[in-house]
Amino acid sequence: MANFLSNSPDLHEVHSAGPLAVARASLSGDDRLDRIGTGRRKGMAIRAGAVMTQLVQPRLVNPPEGDPGVYVDFRFGRRAVLFDLGDLAPLTPRELLRVSHVFVSHAHMDHVAGFEPLLRLRLNRPRPLSVIGPAGFVRQTECRLGAFSWNLLDGASVDFRLTVAEFDGKRLSVAAEFRARDAFRRRDVPPVDLGEGIVLAEDDLAVEAVALDHGIPSLAFALQESLRVNVWRTGLEALGLPVGPWLDAAKTAIRAGAPDAHPIAITGHGEMPLGDLRDRVFHVEPGQRVVYVTDAADTAPNRAAIARLARGADHIFIEAAFAEADRDRARATAHLTARAAGEIARAAGARRVTGFHHSARYAGSGAVIPAELARAWDPRGAHVDPNGPSTSDGEPNWIRRWRRAGLSPEAALARFDSLPSVAFDELTGSWVGTGMPTGHPLDGLLERLGWQGKQFESAERVHPLIFRHNVALDPALLPLTVALRWPRLARSGPVRAGFHLVRRALRARGPAASLARVEFRGHLGAAMIYHRQPIVDHFRRIDAVCLLGLMQVPSMPPYFFLLTAGGSGSEFRRGIAGIAIRTPAADPNAGFATSEPCPGFTGRPVPSVTGPPGAPQFG
Ligand SMILES: [Zn+2]
């Protein structure tokens with residue numbers, strides 16, 4: 001990767017304007033540090049925090065119910081690496097051209113089906129590609145390459161080289177090179193000896209691997225950035241030192257742990273001891289650790305191996321294939337349940353966790369998998385509510401009872417008052433919404449019309465009404481006031497059908513609401529203000545994944561609803577007070593693609609539009 005100076009413009013990302021800034025300004029210094037995820041080094045946290053999140057940017061290739069895979073982009077160096085080679089369609093050619101290394105867990109189809117599309121794109125370009133997989137992978141690749149006719153390739157072709165290596169559970173053991181000029185004939189080469197458990201070692205990063213039991217070996221990987229050494233330009237100027245190659249030599253010495261007395265030769269300035277430079281010119285911080293775990297049986301050896309690999313990870317991507325209730329199915333197919341994934345991430349002390357590889361059977365189950373994962377990962381956050389036991393998936397019993405049997409408006413309000421208020425940051429992301437019955441005219445109505453939930457991009461950009469087919473509706477155009485005054489009419493078949501027909505015309509042109517700090521019933525907290533309607537939503541925290549909402553409309557009783565995190569994938573990071581906070585989705589409407597009702601949805605079930613439940617996902 002390229003070297004870089006540390007005065008990155010991204011440092012300013014933490015200071016956004018508007019109401020959010022007001023909320024941040026009202027926090028104490030330490031709170032603010034925690035919010036941007038820099039618990040480790042508070043002294044320089046704002047700087048470190050902003051940089052930490054920027055240099056290595058890992059993300060799921062597909063939605064969590066799609067093929068497994070993580071794309072790790074490097075901010076500097078025009079380079080990326082891939083974990084697994086399933087469906088790569090969401091990646092642009094430009095992104096795929098940046099990939100230097102692919103780390104494949106195992107050769108079940110959902111993990112390797114993207115090999116040919118990637119090869120096809122790279123074939124006529126000189127940039128080499130390395131693929132590392134489990135035992136037998138070189139032979140498997142040779143067979144795949146042998147399935148094509150390469151008569152158009154010869155010695156005059158572009159010199160594209162594909163290198164394939166196998167990790168046998170201990171080290172790289174077999175390697176082969178396939179060159180375009182050679183019509184992709186296999187040529188065995190000696191595997192690089194990087195030592196036990198290492199599959200890639202460079203100055204700036206290393207990748208470690210372990211072999212897990214999935215019936216066959218399935219590799220898990222950890223990408224470890226080297227110690228980050230940035231140059232402090234102001235410090236350089238203060239000492240009157242020039243920029244030059246000596247900076248690289250000093251960085252290398254720092255990374256290698258050289259002593260303070262180690263001399264550094266500076267062009268035109270003689271020598272200076274490293275110790276004098278370290279604190280004044282350089283800014284040193286630990287590199288990021290990103291871990292990728294998929295397709296592993298829930299066994300004690302697997303758990304121990306993953307926990308070792310993921311120890312102290314900044315971000316773990318871990319499969320959460322089945323709900324705990326389907327543990328038998330998970331065992332039969334050697335996959336992890338969401339609860340197991342959460343427990344493992346917790347045991348490893350991971351600071352951020354993303355669940356993926358959700359079985360298609362949960363397409364209609366709202367946030368069941370993300371909720372189970374979050375509760376296992378952060379049980380402390382999951383039990384903010386002190387009221388008694390929870391069900392097997394961790395949902396508080398009182399919610400389930402309320403959902404099933406309803407609650408009087410007074411009891412609902414008392415419940416609302418007993419819960420803590422919510423800060424702006426806690427709302428960021430996608431939420432699945434469900435009405436909570438209290439005999440209100442709106443009970444069940446929004447769901448019947450196809451309401452899916454809410455999306456908070458930022459304090460200024462809130463989409464309060466995300467409907468099926470990814471449509472964010474403009475509440476001002478919605479017959480919401482009609483519905484409130486004539487609920488029976490709104491519920492009627494013809495109106496519903498008419499609503500579905502005109503829904504696209506009601507599409508919101510932009511965010512329809514924003515957040516403000518509002519005092520409500522004795523609590524100061526985030527409230528959502530509709531831009532063009534006299535409606536305010538207030539929120540209270542139930543647990544790590546659920547909020548209770550109260551919609552306030554003039555001269556109407558309050559309307560209660562539940563928001564469950566996990567509209568888009570199941571990614572959580574540590575937040576204030578250890579509560580798991582949903583991280584924002586890249587696509588404002590992502591996660592609402594499966595048009596299925598939320599859990600506890602009181603209307604009629606709606607068939608999925610994204611494919612039949614139970615579509616094959618797992619090899
Ligand atoms: Zn598999």
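User: What makes β20 and β21 a pair?

Analyst: This is a predicted model. At least two bridges are needed for two strands to pair. β20 and strand β21 (residues 462–467) have 4 bridges, in the antiparallel sense. They therefore count as paired. The two strands form a hairpin, with 5 residues between them. Phe-456 stands opposite Val-462 in β21.

User: How do you know that β19 pairs with β20?

Analyst: The test is again at least two bridges. Strand β19 (residues 429–436) is joined to β20 by 4 bridges, so it passes. The two run antiparallel. Gly-429 has Phe-456 in β20 as its bridge partner.

User: Why is strand β20 called mostly covered?

Analyst: A residue is buried if 20 or more other C-beta atoms lie within 10 Å of its own. In β20 (residues 451–456), 6 of its 6 residues are buried. Across the chain of 619 residues, buried ones make up 43%.

User: Is Pro-554 buried or exposed, and how do you know?

Analyst: Pro-554 has 8, so it is exposed. It lies in the loop between β26 (546–552) and β27 (559–565). Pro-534 is 20 residues away from Pro-554 in sequence, and their C-alpha atoms are 7.1 Å apart.

User: What angle do α13 and α14 make, and what would it be called?

Analyst: The axes of α13 and helix α14 (residues 368–377) cross at roughly 30° and come within 7 Å. An angle under 35 degrees counts as roughly parallel, so that label applies to α13 and α14. The crossing is right-handed. Among the residues that meet are Ala-338, Arg-339 and Glu-343 in α13, and Glu-372, Arg-375 and Trp-377 in α14. The contact of α13 with α14 divides into 8 nonpolar, 1 polar and 5 charged residues.

User: What makes β1 and β8 edge strands?

Analyst: The open sheet has 8 strands in the order β1-β2-β3-β4-β5-β6-β7-β8, with mixed pairing. β1 (56–60) and β8 (186–189) each have a single partner strand, so one side of each is left without a neighbour in the sheet. The twist averages 20° from one strand to the next.

User: How do you know that β1 pairs with β2?

Analyst: β1 and strand β2 (residues 70–74) are joined by 5 bridges and run antiparallel. At least two are needed, so the strands pair. Pro-58 has Val-72 in β2 as its bridge partner.

User: Which helix packs on the sheet?

Analyst: Helix α7 (residues 137–145) does, touching β5 (129–134), β6 (161–167), β7 (172–179) and β8. The direction of α7 makes about 145° with that of β6.

Notes: Residues are numbered from 1 along each chain as its sequence is written. This is a predicted model: local features need pLDDT of at least 70, side-chain atom pairs count only at pLDDT 80 or more; totals for chains, interfaces and linings use all residues. A residue is buried if 20 or more other C-beta atoms lie within 10 Å of its own, exposed if 12 or fewer, and partly exposed in between; C-beta atoms are placed from the backbone. Axes are lines fitted to C-alpha atoms, for helices over the stretch in contact, and angles run from 0 to 180 degrees between N-to-C directions. A crossing is left-handed if the near helix is turned anticlockwise from the far one by less than a right angle, and right-handed if clockwise. Two residues are in contact if their C-beta atoms, placed from the backbone, lie within 7 Å. Ala, Val, Leu, Ile, Met, Phe, Trp, Tyr, Cys and Pro count as nonpolar, Asp, Glu, Lys and Arg as charged, and the others, Gly among them, as polar.
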